[in-house]
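I opened this notebook to record what I looked up, and in what order. The entries are brief and keep to what the coordinates give.

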Amino acid sequence: MNLPGTPYRLMVETRRTNPGWAGVVSSILGVVLALIVGGFVLKAAGAAPISTYQEIFKEGFGTPADWQAGVVALFTNTDCPKGLICFGPLSDTLVKASPILLTGLACIVAFRMRLWNIGADGQMFMGAWAATGVAVFLLPKSTNPVIMLGAMGLAGVLSGLIYGAIPGYLRARLNINEIITTLMLNYVAYNWLEYFVIVGPWSRGDFESTGNFPPSATWPRLTQFAKAIPIFSGLTAHPGILLGVAAAIILAWLLFRSRWGYEIRVIGNNPKAARYAGINVSRNIILVMALSGALAGLAGMNEVAALRVLNGRFARGFGFTGVIVAWLARLNPLAAILVAFLFGGLLVGTQLIQPQGISSMLQGVILFVVVGTEVMFRYRFRLERVAPAVSIAAEVAK
Amino acid sequence: MSDAPQAFEMRGIVKRFPGVLANDHVDFACRAGEVHALLGENGAGKSTLMNVLAGLYRPEAGDILVGGQPLTFHSPQDAIAHGIGMIHQHFMLVPSHTVAENMVLGLNRPRFFLDLARVEEQVKALGEQYAMQVDPRARIWDLSVGEQQRVEVLKMLFRGAKVLIMDEPTAVLTPQEVEALFHTLRDMTQRGHTIVFISHKLDEVVAIADRVTVLRRGKVTAAGVPARGATKAQLATLMVGREVLFQIHKKKMPPGAPVLTVSNLSAENDRGLPALRGVSLQVCAGEILGIAGVAGNGQSELAEVLTGLRRCTGGSATLGDTPLDGATRWQEVGQKLAHIPEDRSAVGSVGELSVADNLILKRFHKAPIASGWSIDSAAVHANALQLVDDYQIATPSVDTLVRMLSGGNLQKVILAREISGRPALMIAVHPTRGLDVGATETVHKLLVEQRDGGAAILLISEDLDELLALADRLAVIYEGRIIGDMPAEGADIHVIGLMMAGTKAES
């Protein structure tokens, strides 16, 4: 078919089969391409891309020398040598990774059923709000920490669950698009929280804050055990990441081994076949949105228990990062653990980098490329030299 | 005839899809003014070859020659510019537009001002010329399927097609409409048009074609043999590569107790218009009730209501003593009520799940597949191996995604799943549509086995030969009503055809 002397044309054909490696490749490609694009932006902003990335990596994860010193210190039961940061960055990264992992899982469970919940942010806010209510206003300060944190977790899960079930119900019963409702409910949640801590009943004087949580309502941190293990001194890591990993393992079992997970996969891939098999699709839409909201709500509780305070600066955007984590992990809960860790490192590493938006930009480009390459894998592209197309017969135009 | 000039020639066409060699150096040529049948099983590469000719696919190798000149088509527009047009099995018409509007759709001239009145005149003239009158101002959705097909033919003629490729054109027509179509086709060949007739229905091929080319697994097994004098058995052997039994052996047995009782059932279609207007029927154990009718007369809605996919607006249906209505727990009923749906891939299976996962679709909630809240993956695997073996499903492994399977094997997956639940009632909708001769044979055998085993079977099909061969009783559905009910043995195909078109037999 190659005719010499004729112009090249790009041929696009549909692939019948999707190669198995496509998922992993497009995820890795997404990250690499995002780094290249980000490099140009950094260059334009007057920075040296390579050294900036090295700096981000060091700030987010540390260096091999740091890790080595850390391991030695751990075994000799000494503190980190002066001038090194040892496990400091890794610990910070774990702290950042836990809410991202939970919102990522929230997105995964919904996306598996083709429910586009982009309201994990709002559900997380409601979880944070409810957990704060329990910690500061409901239970006495002297409550046993286990009971206190358990109650906060329960409150976070329940409020996120309800906040996720609302758009789920609207979608299942009235077929209202969940993309719009979940997106809009984010703003409701932002304002709800602002009302309580800035102008409303929970604000302490003019501080626009609930005031600090009692110690029983905050996550224990590694640094609290520095007396016994000196290397832990200054490390902020808390059990939130364990909560996330446990949730990921449970979710993986639920999706791939349980009866309910089978229903979710059938509905997600072919709702008509699900109805054909007698599966209650509406009920499952509500349940899955509720579970998605519950995971995001748990992320909110986790975050306030780490911050020890709820104020007007409670960060937005974890829910949206969750969307990216979900896609990059190819909707696999176990892969999400790794992806959330990398994203935590990215967030920590870019905290001090100028221009400030670098991490958001990289996240955006990654999502763009991952979703984009997924479409590309459905087609086969090749260049071919062919004769120019012939025009329509004149008689038709007459 | 034999010294007529060539309309087109395809030489050494190779078309590959990942893992499949759809066309393996295929030569195919048509003479001007002939009806040339392209015969082959599903997956033999007929549609692929014709999509290449019509400019939809580009071949990896090979040439297309029109008037002795080699050409490359980049799109259907290029093909039609050289007088080659294809009429697909699923019509490419915009239902809410008029006939004339559909004619100009996709043409890039006129560029700005559309003189529809003029197009209407041209369409009218063209219709008169070829004795295919249609009202150019009629909207497509007001037309019958036969009329829509006429519009498709006119559309191609309007665009100047000399060669018309028709992909299984008779699948949706009544016997009378098929007659009319054949008449039109002969008329067109008289005027020098060339028809490529894709089919796997041997009777039709013998009836209409001048010459036949047979494809098997991407290769030509018979090139342009004269259709006169060829027997069905010969053609079938060329197509399948072995001898095919057309006879179906059924045990003679009296029907048992009623299993499905439907009385005065009514329902609406997707557009909210009445689709069923008081259907009553009964299917007994050990009996196949065939429902004949032209597509779109309520068959799909009937099957959907009976299987819980659509709500009825009146009347009732019972399976044994279980009422089938809004309160039915379909997941529980599912095992007793087997359903071979009309659309295998969109309804009957989950493409992105494995063969094993698809085989548990109706029983994942019960032991032994389910154990507590979890699914026992060993049981899923064992179940799959057993069924793949019992039903001879050709699949690389039980973990293969079902969307990779051929139509026949996909249907076997569905049949294996539905039949292995030992159903009391089986509702089979177009169970052999689009299947090759070999797979059709298997499906027929399985259905008859079920009947002989005492199951009640409601068979909805648009293939009259199939209904006559399989069914014990026949009911004809027309505009949502059963307008005739008769024993299948000795039924007159002509009378059934008239009833399918809405004429009640005088009795």
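The entries below concern a predicted model and take up its two chains in turn.

**Entry 1, chain A.** I began with the secondary structure and counted 15 helices and 2 strands in chain A. I then looked up burial: of the 398 residues in chain A, 45% are buried. I also examined contacts between residues at least 6 apart in sequence, and in chain A 78% of these join residues at least 24 apart.

**Entry 2, domains of chain B.** I noted that chain B is divided into domain 1 (6–240) and domain 2 (258–336 + 423–500). Their centres, taken over C-alpha atoms, are separated by 32 Å. I found 13 residues of domain 1 of chain B in contact with 13 residues of domain 2 of chain B. On the domain 1 side, helix H6 (175–190) and helix H8 (232–240) of chain B each supply at least two residues. H8(B) gives the most to this side, with 3 residues. By type, I recorded 7 nonpolar, 5 polar and 1 charged on that side of domain 1.

I traced an open, antiparallel sheet of 4 strands in the order E12-E11-E14-E15 (chain B). Strand E12 (274–284) and strand E15 (322–323) of chain B are the edges; each has a single partner strand, so one side of each lacks a neighbour in the sheet. Between E11 (residues 258–268) and E14 (residues 312–319) of chain B I found 6 bridges. In this pairing, B:Ala267 has B:Cys312 of E14(B) as its bridge partner. Finally, I noted that helix H9 (residues 299–306) of chain B lies across E11, E12 and E14 of chain B, at about 65 degrees to E12(B).

Notes:
Residues numbered from 1 in each chain as written. Chains lettered and ligands numbered in written order. Predicted model: local features only at pLDDT ≥ 70, side-chain atom pairs only at ≥ 80, totals over all residues. Domains from an automatic or database assignment. Contact = placed C-beta atoms within 7 Å. Nonpolar A, V, L, I, M, F, W, Y, C, P; charged D, E, K, R; others polar. Buried ≥ 20, exposed ≤ 12 C-beta atoms within 10 Å, placed from the backbone. Pairing = 2+ DSSP bridges. Axes fitted to C-alpha atoms, helices over the stretch in contact; angles between N-to-C directions.
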